[in-house]
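Please open the model in your viewer and keep the selection tool at hand. The stops below are meant to be taken in order.

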Amino acid sequence: MPVVFVAASKLPTPFAQFTMHGFLDEATGREHVVLSLGDFTDGAPVLGRLHSECLTGDALFSQRCDCGSQLEGALKAIAREGRGVLLYLRQEGRGIGLLNKIRAYELQDGGADTVEANERLGFAADQRDYAMCLPMLEHLGVKALRLMTNNPRKVKALTDMGIVVAERVPLHTGHNPHNKLYLATKASKLDHMMGNEHQGEVDRA
Ligand SMILES: Nc1nc2c(ncn2[C@@H]2O[C@H](COP(=O)(O)OP(=O)(O)OP(=O)(O)O)[C@@H](O)[C@H]2O)c(=O)[nH]1
Ligand SMILES: [Zn+2]
């Protein structure tokens with residue numbers, strides 16, 4: 001089942017006035033959004049981020065993770081450049097949904113790490129799928145990205161679907177005492193690159 005474009009509008013933010021493009025994934029019923037800025041017709045790689053929904057971090061200021069800070073850092077970086085895309089993907093909790101994420105947090109409060117908690121609930125460590133990104137990027141005319149992420153799985157998923165990832169831009173921001181174990185587990189169990197790469201690095205400034 002296809003991912004269909006529904007409508008686009010202006011989205012003024014403190015960082016820039018983006019264009020917001022709404023899509024319906026007819027297979028899952030999920031409603032995804034892209035914020036875009038600038039023109040992509042020259043074909044040059046576009047600064048971009050695939051941001052997975054995190055209600056707690058993106059909207060409720062949670063310090064259990066780094067999502068809110070990464071979202072803000074990515075939008076600011078796109079605004080600075082005057083050109084880019086942020087795909088806001090509605091796969092909350094690495095694909096297990098909000099209520100199951102709260103169940104996982106409850107287990108983490110009892111000592112489990114983020115991967116163990118998912119597994120105890122009968123889920124894989126990361127259930128996300130990025131297939132919906134291809135029709136969304138095609139709709140926008142984006143064929144090549146400079147991707148803001150620490151997650152090599154996102155680079156592979158895009159490359160496998162034929163999108164060129166010309167560069168990976170590290171996105172190290174939002175570290176605090178509450179998410180130390182969470183970030184360490186992402187590095188040790190989910191292959192995230194949390195090293196001290198500084199070239200092209202995005203921060204919240
Ligand atoms: N199941 C589960 N999901 C979580 C947890 N903490 C954050 N998430 C979800 O994880 C997703 C963000 O993924 P991350 O693994 O933090 O980062 P990433 O998007 O893979 O990688 P980056 O591009 O480097 O940010 C969001 O959907 C969050 O809701 C957790 O403890 N358990
Ligand atoms: Zn989060």
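The tour goes from the sheet to a metal site and then to a neighbouring residue.

This is a predicted model, in which local features need pLDDT of at least 70, side-chain atom pairs count only at pLDDT 80 or more, and totals for chains, interfaces and linings use all residues. Residues are numbered from 1 along each chain as its sequence is written, chains are lettered from A and ligands numbered from 1 in the order written, and side-chain values use heavy atoms, without hydrogens and water.

**The sheet.** Select the strands (DSSP runs of E, at least two residues; helices are runs of H or I, at least four). Seven of them form an open, mixed sheet in the order β1-β2-β3-β5-β4-β6-β7, where pairing requires at least two DSSP bridges. Next, colour β4 and β5 (residues 84-89), which run parallel and are joined by five bridges. Within this pair, Ser52 stands opposite Leu89 of β5.

**The zinc site.** Now select ligand 2, a zinc ion coordinated by the SG atoms of Cys54, Cys65 and Cys67 at 2.2 Å. Donors are N, O and S atoms within 2.8 Å of the metal (3.2 Å for Na, K and Ca); water is not among the atoms, so sites may look incomplete. Cys54 is buried at 5% relative accessibility, and Cys65 is buried at 4%; buried means under 20% relative accessible area, exposed over 50%, partly exposed in between (1.4 Å probe, protein chains only).

**Glu53.** Finally, select Glu53, in the loop between β4 (46-52) and α1 (55-59). Glu53 is buried, with a relative accessible area of 15%.
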